[in-house]
Amino acid sequence: MANERRRSSMNPVQVLEWIGRRSLVYLQESGQGTILFTRVIRSIFKGPFPVRLTTQQMEEIGFRSLPVVLITAIFTGAVLALQTYSGFKRFGAEGLVGTVVALSMTRELGPVLASIMVAGRVGSAMAAELGTMRVTEQIDALITLATDPVHYLVVPRFVASLVMLPFLVIFADIIGIIGGYVVAVTILGASSTSYINRTLQYLEFSDITIGLLKAAVFGMIIALVGCHMGFYTTGGAEGVGKATTRAVVGASILILISNYFLTALLF
Amino acid sequence: MDGLPKIRVRDLSKSFGDKVVLDGVNLDLWPGESVVVIGGSGVGKSVLIKCIIGILTPDGGTIEIDGKSITGLNPGEMDNVRRKFGMLFQYAALFDSLAVWENVGFSYIQHSRLSEREIRHLSEEKLRMVGLPGILDLMPSELSGGMRKRVGLARAIAVEPEIIFYDEPTTGLDPIRADAINDLIISLREELHVASITITHDMVSAYKIADRIAMLYRGKIIADGTPDEIRSSDNPYVQQFIHGQAQGPITDELGE
């Protein structure tokens, strides 16, 4: 409310002030994020690796995200087939629907959509969990018990997310392609054998591997942003809520931006 | 008072942005001694403890533990110093996702090769010292406020610390439970011979557990003495605080 009122009556100087303040916040956060990243990398190789905590997180991030990711993938593949068919039909290329679905899923939509769903599910949970631990002094308690909170809390989430995202995307790719196939063959009346042939004919192995590489990067982004927002939470329960929102929005935006640059670099 | 103090704080300062919280704090803690730091809400009592324990980095001044300066230690060296400390947090700060025995035995799970059975046994022993036997497998969410504090205390003493920090140990408890915590703090000092720093604004508790009381006001220690000396202090700030008066120099300066 207070924010709304302030913004509606902003004069040009205040607008500049607001832009400046926001820019400083973004700069500060990218700085903190980079520091956290280097601490995580150094911490992974220091001391005994937290195996049990990491497997717990792998179950949470990988196995429990599977339903959400699969539902997203199957309908994405299905709608892709539907849209491509009606578009390609205009110039008689409906035979290529399978190719389009397979390339889009493996190179682009599998990694990006699965990661954004996981950011919403898991990135938010990380921010909420670590944020609560911060405001209830549990993170301070870890320090007094001679335990590095980055090693204990962030490393397991980071590694689990980095490892599990590619696995989720393999499933998303397969299910998405099946979704496209089902729509093309049963609803649009494409021939099953030629659909499969066209899919396999143009799909290269590198389409899949580079898609998985992207997924690994997105996995790191989800964990880093989620943990970072939680780690630097201030301001009690309200602060935890804000951290959660910012974790999801921040991770999703970073995924989309880095997706462009990864695609430009890798393909 | 011969030998080295367990903790010697000299000229400690800490600011957050423009806000000066600690402005030249001096404090000594001698072996086996119980020092209580009193002061109003938000005067930086917690900040003082967090600087000593290394959660916050001070802007200036020195902190010596057993005669060795801890400013400028690397994280590994600081962790070794921290093994001498136990801390009871204001709201206990138990780990929500871990059972009581994993909370109490946390240090042993992280830093030793003891088996689960041995750690459970150790935890039970510490829990018995705080009067809570038989709750090893409960989760923190199943405990009352007073029980959480006592489990937090068991976790603090689990590592057999030389110094215990108590952050508002009686806040949020009814007078009877608060006094039970006071008794516990006294009996732990007598049994384990640990030195302790307690921060509180509960004067009943302060008189009961303190060998020495120091009052923190405006970033400085403005009074430091035995409970009797504090009681009979002629410092008007101290008098206003220990008698809990709404009128006096402290509130006058705040412009309230």
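Over all chains of this predicted model, the count comes to 30 salt bridges, a salt bridge being a side-chain nitrogen of Lys or Arg within 4 Å of a carboxyl oxygen of Asp or Glu. Local features need pLDDT of at least 70 and side-chain atom pairs count only at pLDDT 80 or more, whereas totals for chains, interfaces and linings use all residues. Residues are numbered from 1 along each chain as its sequence is written, and side-chain values use heavy atoms, with hydrogens and water left out.

**Between the chains**
- Lys50(B), in helix α1 (residues 45-52) of chain B, and Glu137(A), in the loop between α5 (97-135) and α6 (138-144) of chain A, form a pair that therefore joins two chains, with helices taken as DSSP runs (H or I, at least four residues) and strands likewise (E, at least two).
- The closest N and O atoms of Lys50(B) and Glu137(A) are 3.0 Å apart.
- Lys50(B) is buried at a relative accessible area of 14%, and Glu137(A) is buried at 14%, where buried means under 20%, exposed over 50% and partly exposed in between (1.4 Å probe, protein chains only).
- The count between chain B and chain A is 2 salt bridges.

**Within chain B**
- Lys220(B) and Asp23(B) meet in a salt bridge at 3.0 Å, N to O; Lys220(B) lies in strand β10 (residues 220-225) and Asp23(B) in strand β2 (residues 19-29), so the pair ties together parts 197 residues apart in sequence.
- Lys220(B) is partly exposed at 38%, as is Asp23(B) at 36%.

**Within chain A**
- Glu59(A), Glu60(A), Arg64(A) and Arg121(A) are joined into one network by salt bridges that share partners.

Technical notes:
Chains lettered and ligands numbered in written order.
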